[in-house]
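Opening the notebook on a new model today.

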Amino acid sequence: MAKLTLEVEEDYDFELVGICSHAKDYRLSWEINNVLEFDLEKRENYEINIKGDNQSYSFFSFIDDENHLEYYLINNRCSKGVLIPEEKKSDYFLLIRGIRRGEEKEELINKIGEIKNVLTTYEVEVDQLKSKSNLLF
């Protein structure tokens, strides 16, 4: 009998913004909602098994049906570790699914950076991350 092999290609079709902030997750979400006119809402924590250890990260989402965009605010830290070890300096990530023009993304990053409780923001190159599969949900 012939053996069949299924090859699955992961879809990393999203953009990622790293956010450094000492603010609590709910406070940062509220600030982003005010500045960007979003409606980020708290969802069940994002749970993932990393190296045999179940980890749980705070998770907020906003679906912009009008512009066909999805925004997810994910904490990069929990009591058991870091979601993306290559980006330990980031406290949060804003994951964006959908198509945004370059200048819109730059404006979004700049507006988040102007929030009082945000130390810095920057674009993260998803293709360069070894642990990018941790962001597939």
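**Salt bridges**

I searched the whole structure, a predicted model, and got 8 salt bridges. I looked up some of them one by one.

I started in helix α1, where Glu31 and Arg27 sit 4 residues apart, about one turn of the helix. Their side chains meet in a salt bridge at 3.0 Å, N to O. Glu31 counts as buried because its relative accessibility is 12%, and Arg27, at 34%, counts as partly exposed.

Next I took Arg97 and Glu70, whose side chains form a salt bridge at 3.9 Å, N to O. Arg97 belongs to strand β9 and Glu70 to strand β6, so this pair ties together parts 27 residues apart in sequence. I have Glu70 down as partly exposed, at 28% relative accessibility.

Then I checked Asp91 and Arg77, which meet through their side chains in a salt bridge of 3.0 Å, N to O. Asp91 is in the loop between β8 (81-82) and β9, and Arg77 is in strand β7, so the pair ties together parts that are 14 residues apart in sequence. Asp91 is buried, with a relative accessible area of 12%, while Arg77 counts as partly exposed at 32%.

I also noted a network of salt bridges that links Glu15, Lys105 and Glu123.

**The sheet and its helices**

I traced an open sheet of 6 strands, ordered β2-β5-β6-β9-β1-β10, with antiparallel pairing. β2 (41-42) and β10 (118-124) are at the edges with a single partner strand each, so one side of each has no neighbour in the sheet.

Zooming in on β5 (residues 59-64), I found 6 bridges joining this strand to β6, antiparallel. For Phe62, the bridge partner in β6 is Tyr71.

For the helices, I see α1 (residues 25-36) lying across β1 (15-21), β5, β6, β9 (92-97) and β10, at about 150 degrees to β6. Helix α2 (residues 102-113) lies across β1, β6, β9 and β10, and runs at about 160 degrees to β10.

**Asn76**

Where does Asn76 lie? I find Asn76 in the loop between β6 (69-75) and β7 (77-78).

Is Asn76 buried or exposed? Asn76 counts as buried, because its relative accessibility is 0%.

What does the Asn76 side chain reach? I get the backbone oxygen of Ser90 at 2.9 Å. A polar atom of that Asn76 side chain also lies 3.0 Å from the backbone nitrogen of Ile84. Leaving out residues up to four places away in sequence, Asn76 touches several others, including Tyr57, Leu83, Asp91 and Phe93.

Methods
Residues are numbered from 1 along each chain as its sequence is written. This is a predicted model: local features need pLDDT of at least 70, side-chain atom pairs count only at pLDDT 80 or more; totals for chains, interfaces and linings use all residues. Side-chain values use heavy atoms; hydrogens and water are left out. Helices (H or I, at least four residues) and strands (E, at least two) are DSSP runs, numbered from the N terminus. Buried means under 20% relative accessible area, exposed over 50%, partly exposed in between (1.4 Å probe, protein chains only). A polar contact is a pair of N or O atoms within 3.5 Å; within protein, one must be able to donate a hydrogen and the other to accept it, and residues adjacent in sequence count only if both atoms are side-chain atoms. Contact means heavy atoms within 4.5 Å. Two strands pair if DSSP finds at least two bridges between them. Axes are lines fitted to C-alpha atoms, for helices over the stretch in contact, and angles run from 0 to 180 degrees between N-to-C directions. A salt bridge is a side-chain nitrogen of Lys or Arg within 4 Å of a carboxyl oxygen of Asp or Glu.
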